[in-house]
Amino acid sequence: MSPPITRQKFLGAQMMKKALAVAAMVCCSATVQAAEGGYWGAVGGLMNVDIDGDNPFNVGVRGGYSWASGWGVEGEVTTSAVKGTFDYDYYYSAGEVEYSLTTVALYGTYRSQGDVYFKGKLGFLNENVDVEGYGADDSGLSLGVGAGFNLSENLNLETEYTIVEQDVGFFSGSLVFRF
């Protein structure tokens with residue numbers, strides 16, 4: 001004769017079954033393979049520049065290719081749709097100057113798997129700053145992190161933060177079409 005099942009053991013067994021069911025659902029959703037193929041999209045966001053004044057709003061395009069492993073390559077070009085302003089106050093004058101930023105970048109990317117995913121990127125970026133007709137270029141490493149959501153099999157919504165250089169960051173959102 002086996003010992004009687006206590007209420008505590010019964011509830012513990014029920015909780016274990018529920019925990020195993022939840023774990024199985026999580027594992028099934030986590031093993032969904034990332035889509036392999038090309039993509040392109042529109043990007044827009046705020047360039048966060050560490051100076052006194054208003055930041056520019058940049059828009060652009062991005063395109064790339066992702067492998068099923070999650071690794072990929074991505075190119076991106078942005079330019080200021082709304083110029084930023086720089087407030088200055090020197091010995092004999094004070095005022096405001098408009099400026100714009102243009103970026104061209106090539107990144108290695110990684111997107112985790114699943115309908116909601118993490119994105120990381122590291123690459124080379126060239127930026128051009130134009131201050132009322134006077135320009136300057138700077139190039140170097142750039143990195144970014146973000147998250148995305150698969151709206152459908154061929155459409156993703158992504159948001160990310162990219163370090164353009166030491167005192168410039170890019171908060172952006174994008175709509176990405178896969179083909």
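The model is predicted, so local features need pLDDT of at least 70 and side-chain atom pairs count only at pLDDT 80 or more, while totals for chains, interfaces and linings use all residues. Residues are numbered from 1 along each chain as its sequence is written, and side-chain values use heavy atoms, with hydrogens and water left out.

Along the sequence the pattern reads α-β-β-β-β-β-β-β-β-β. Of the 179 residues in the protein, 31% are buried; buried means under 20% relative accessible area, exposed over 50%, and partly exposed in between, with a 1.4 Å probe and protein chains only. The protein exposes about 11,100 Å², of which carbon and sulfur atoms supply 65%; accessible areas come from the Shrake-Rupley method with a 1.4 Å probe, and for residues only the protein chains shown count as cover. Among contacts (heavy atoms within 4.5 Å) between residues at least 6 apart in sequence, 52% join residues at least 24 apart.

The structure holds twelve salt bridges, each defined as a side-chain nitrogen of Lys or Arg within 4 Å of a carboxyl oxygen of Asp or Glu. One of them joins the side chains of Arg111 and Glu74, at 3.2 Å from N to O. Arg111 lies in strand β5 and Glu74 in strand β3 (residues 71-82), so this pair ties together parts that are 37 residues apart in sequence. Both Arg111 and Glu74 are buried.

Another salt bridge is formed by the side chains of Lys121 and Glu76 (3.9 Å, N to O). This pair links distant parts of the chain, with Lys121 in strand β6 and Glu76 in strand β3, 45 residues apart. Lys121 is buried, with a relative accessible area of 5%, and Glu76 counts as buried at 4% relative accessibility.

Arg111 also meets the side chain of Glu158 in a salt bridge (2.8 Å, N to O). Here the link runs between strand β8 (residues 155-165), which holds Glu158, and strand β5, which holds Arg111, and the two residues are 47 residues apart. Salt bridges that share partners join Arg62, Glu74, Glu76, Arg111, Lys119, Lys121, Glu158 and Glu160 into one network.

Glu158 is buried, with a relative accessible area of 3%. Not counting residues up to four places away in sequence, Glu158 touches Arg62, Arg111, Tyr117, Lys119, Ala147, Gly148, Ser172, Gly173, Ser174 and Val176. The C-alpha atoms of Glu158 and Tyr117 are separated by 9.2 Å, and the two residues are 41 residues apart along the chain.

The second largest pocket contains about 190 Å³ of space. On a 1 Å grid over the protein atoms alone, a pocket is an open set of points where a 1.4 Å probe fits, with protein on both sides within 12 Å along at least five of seven lines, and lining residues have an atom within 4 Å of a point. Grid points are joined across faces, edges and corners, and a volume is the space filled by probe spheres set on the points. The lining residues are Val49, Ile51, Phe86, Val97, Tyr99, Leu101, Glu127, Val129, Val131, Glu165, Asp167 and Val168. The elements that give two or more residues to this lining are β5 (94-111) and β6 (116-131). By class, the lining has nine nonpolar, no polar and three charged residues; Ala, Val, Leu, Ile, Met, Phe, Trp, Tyr, Cys and Pro count as nonpolar, Asp, Glu, Lys and Arg as charged, and the others, Gly among them, as polar.

Conventions
Helices (H or I, at least four residues) and strands (E, at least two) are DSSP runs, numbered from the N terminus.
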